[in-house]
Amino acid sequence: MIYVLAAIGVVALLVWAGRGGLKALSGGGVRVAGGTLSILALVAAGFLSLRGAWMAGLVLALLAVSGAFASRARPQRRADPPRASGMSAEEARSVLGVGPQATAEEIQAAYTRLMRMAHPDKGGTSGLAAQLNTARDRLLGR
């Protein structure tokens, strides 16, 4: 009976982790904790199977494998959106990587080059694309 209660506790931890309970941990801690919980669930599943509760062991093993794959997923980083108050000319030059004496053609060329890499359709983020748009508009006076 104690083994079934332990298995229920592990399942409850996996459900809690899957619903965002581990988001309180920072950075790679979520992945480590998720992997650790998956290993514990797999060990508990094996133990339950050996004790004759093979159905509970099978369910726990499936949850453990699912948790292991979920913990391998890398979080996507999102760029901060541009501030509503706008961007200074110095910040805009820094974003585009141009000097204070850059011409309109140089600014447009830098914008085009960076947007090719940062566009959301090419794997970039919408926040970074918005920063590039804001910087270009600020420097070109649009």
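Does Ala110 count as buried or exposed? Select Ala110: at 6% relative accessibility, Ala110 counts as buried. Buried means under 20% relative accessible area, exposed means over 50%, and partly exposed lies in between, with a 1.4 Å probe and protein chains only.

Before the next stop, some notes on reading the model. This is a predicted model, in which local features need pLDDT of at least 70 and side-chain atom pairs count only at pLDDT 80 or more, while totals for chains, interfaces and linings use all residues. Residues are numbered from 1 along each chain as its sequence is written, and side-chain values use heavy atoms, with hydrogens and water left out.

**The whole chain**

Colour the chain by pLDDT, the predictor's confidence in each residue, from 0 to 100. The mean over the chain is 78, and 77% of its residues reach 70 or more. Confidence is lowest in helix α1 (residues 2–18), with a mean of 72, and highest in α5, at 91. Where pLDDT is low, the predicted coordinates should not be read in detail.

Now switch to a cartoon view. The chain has 6 helices and 0 strands. Helices (H or I, at least four residues) and strands (E, at least two) are DSSP runs, numbered from the N terminus. Of the 142 residues of the chain, 25% count as buried.

**Helix α5**

Select residues 104–118, which form helix α5. This helix has 15 residues and reaches 20 Å from its first C-alpha to its last, close to the 21 Å expected at 1.5 Å a residue. The expected span is 1.5 Å times one less than the number of residues.

Show the side chains of Ile107, Ala110, Tyr111, Leu114, Met115 and Ala118, the buried residues of α5. Seen down the axis of α5, these buried residues fall within an arc of 130 degrees, so they line one face of the helix. The arc is that of the directions from the helix axis to the C-beta atoms. Turn to the other side of α5, where Glu105, Arg116 and Met117 are exposed.

Return to Ala110, which lies in α5. Not counting residues up to four places away in sequence, Ala110 touches Leu96 and Val98. Contact means heavy atoms within 4.5 Å.

**Helix α4**

What covers the buried residues of α5 includes α4 (89–96) and α6 (126–140). Select α4 and pick out Ala89, Ala92 and Leu96, which are buried. Seen down the axis of α4, its buried residues fall within an arc of 60 degrees, so they line one face of the helix. They pack against α5 and α6. The face turned away from the buried side of α4 carries the exposed residues Glu90 and Ser94. Just after α4, Gly97 takes a positive phi of about 75 degrees.

**Helix α6**

Select α5 and α6 together. They pack at an angle of about 175 degrees, with their axes 10 Å apart. Axes are lines fitted to C-alpha atoms, for helices over the stretch in contact, and angles run from 0 to 180 degrees between N-to-C directions. The two helices, α5 and α6, are therefore roughly antiparallel to each other (an angle over 145 degrees). Residues making the contact include Gln108 and Tyr111 of α5, and Leu132 and Arg136 of α6.

Which residues is Arg136 in contact with, leaving aside its neighbours within four places in sequence? They are Leu96, Gln108, Tyr111 and Arg142. At 14% relative accessibility, Arg136 counts as buried.

Key. Angles under 35 degrees count as roughly parallel, over 145 as roughly antiparallel, 65 to 115 as roughly perpendicular and the rest as oblique.
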